[in-house]
Amino acid sequence: MKIARRNIETEKDEKWTLGETPSNGHVVPSDLHLWQEFKSGSENAFATIYNNNAGRLYSYGTKLIHDKDLVKDTVQDLFVDLWNTRQR
């Protein structure tokens with residue numbers, strides 16, 4: 001199964017197979033495993049979820065609302081709320 005990951009440095013999507021080791025040397029976890037790790041309090045899992053999604057959310061948000069600062073704040077608030085409610 002292929003998964004997409006947005007490389008925030010190049011702003012390009014990369015596709016990896018689950019379990020594959022991409023160029024950065026990290027094994028790609030499944031979304032379910034990543035979510036379980038996040039819910040258990042893993043900051044690394046949270047950072048991965050953030051890195052995989054924040055750029056796309058920001059891009060989508062700026063298509064709906066042209067106030068980039070508002071979109072940036074909203075995406076940040078979303079991830080703060082996600083972290084604060086991870087154990088629910």
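Visitor: Are Phe46 and Phe79 buried or exposed?

Guide: Buried means under 20% relative accessible area, exposed over 50%, and partly exposed in between, with a 1.4 Å probe and protein chains only. Both Phe46 and Phe79 are buried; Phe79 is classed that way because its relative accessibility is 5%. This is a predicted model, where local features need pLDDT of at least 70, side-chain atom pairs count only at pLDDT 80 or more, and totals for chains, interfaces and linings use all residues. Residues are numbered from 1 along each chain as its sequence is written, and side-chain values use heavy atoms, leaving out hydrogens and water.

Visitor: How many aromatic pairs does a search of the whole structure find?

Guide: Rings of Phe, Tyr and Trp (its six-membered ring) pair if their centres lie within 6.5 Å; planes under 30 degrees apart count as stacked, over 60 as edge-to-face and the rest as tilted. The search finds 6 aromatic pairs. Phe46 and Phe79 are edge-to-face because their planes stand at 70°, with the ring centres 6.2 Å apart. This pair links distant parts of the chain, 33 residues apart: Phe46 is in helix H2 and Phe79 in helix H3 (residues 68–84). Helices are DSSP runs of H or I, at least four residues, numbered from the N terminus.

Visitor: What kind of aromatic pair do Tyr50 and Phe79 form?

Guide: Tyr50 and Phe79 are edge-to-face, 5.0 Å centre to centre with 75° between the planes. Tyr50 counts as partly exposed because its relative accessibility is 37%.

Visitor: Which residues form one aromatic cluster?

Guide: Trp35, Phe38, Phe46, Tyr50, Phe79 and Trp83 form one cluster.

Notes: Helices (H or I, at least four residues) and strands (E, at least two) are DSSP runs, numbered from the N terminus.
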